[in-house]
Amino acid sequence: MASVQLTDVHKAYGATQVVKGVSLSIASGELVALLGPSGCGKTTTLRMVAGLERVDRGVICIDGQEVDGPKGSTPPERRGLGMVFQSYAVWPNRTVAQNVAYPLTLQRVARSEVERRVAEGLSWVRLSALGDRLPQQLSGGQLQRVAIARALVANPKVLLLDEPLSNLDAALREELRGEIAALRARLGTTMIFVTHDQGEALALADRVAVMSRGVIEQVGRPDVVYREPATPYVASFVGGANQLDGVVEGGCFVCAGVRFPLPAGSDSAEGPATLVVRPEDLHVGGDGPALPLSARLFLGSATEYRFLLGDRVLRAVGPPRDDATPSSRLPLRLGRIRLYPPAA
């Protein structure tokens, strides 16, 4: 296990700034998720940690040792890292066991030790019975397990995972997410996990770093990032919060001519503001304004209601209601909210 430190890291491709002053400390044994949409800089940041890209400015340290910065760059193979790619990257002409053994053969590990560690690695990912199979005989989930075992058998200081679940269907993603959590709990390996899926990030990570346009908007525990988003962007990306621009006036939030009474204890400073409320905190019923219902979606454990507010759609999640029919008008009450200064 090792710590990772990024200090004011920058990266550009031509005139396009991809990473803009990222600073992040990852403790030994911690799993940190880099979360954000495509093009936000998260994979480039991971590739710089791996040594597959050079930093333009800034410093990256692993276990206190500079591996990229003013003093030069340590080659990827000397950083003591393991990496799992989105595309599995297994050799089709090698068996499962041979794929997993590959990094050990590069290190010229004794054959008996290779066999022992490959067997151990396959047991970690529950593939012990499939060591003699070829990749084309495996499912997508099994192929990704092979890639994870291959990355772990070399006992890396840090395991880097670049969108490892995005090529899998929903059921396999759920299964492999649990496998990664169980492996992490058993091995205690430091991990950096890149994903655009907020469910993966919130479920797996000790801390989440939410990225946008090459910068980190917020770093924190999953529950803190979810319940106390630092910016409207974080609130909307993590959890799909409703976001409204309007005015705080007389204890209400006014948007598109509709007045929503603010809950007790809200910061009710008068003037323009951006209001963020998560769907589960927008309650159907009470003494709030009535809005037209545009859709009702059954989610199993709850029902999602969609309301029209001018040209916006508000989403509320709650128990089923018999009076929720298309085009009916139902009252909405604000629960837990956050108010931000208006966007520049």
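Mentor: Strand S12 (residues 242-249) pairs with strand S13 (residues 252-255) in the antiparallel sense, over three bridges; strands here are DSSP runs of E with at least two residues, numbered from the N terminus, and two of them pair if DSSP finds at least two bridges between them. Within this pairing, Val254 in S13 is the bridge partner of Val247. In general, strands of a sheet pair through backbone hydrogen bonds, either parallel or antiparallel.

Before going further, please keep in mind that this is a predicted model, in which local features need pLDDT of at least 70 and side-chain atom pairs count only at pLDDT 80 or more, while totals for chains, interfaces and linings use all residues. Residues are numbered from 1 along each chain as its sequence is written, and side-chain values use heavy atoms, with hydrogens and water left out.

The two strands described above belong to an open sheet of five strands, which has the order S14-S13-S12-S15-S21 with antiparallel pairing. At its edges stand strand S14 (258-261) and strand S21 (338-340), and because each has a single partner strand, one side of each is left without a neighbour in the sheet. From one strand to the next the twist averages 40°, where axes are lines fitted to C-alpha atoms, for helices over the stretch in contact, and angles run from 0 to 180 degrees between N-to-C directions.

Elsewhere, strand S18 (residues 303-309) contains Glu304, which is buried (under 20% relative accessible area, with exposed over 50% and partly exposed in between, using a 1.4 Å probe and protein chains only), its own value being 5%.

Key: Helices (H or I, at least four residues) and strands (E, at least two) are DSSP runs, numbered from the N terminus.
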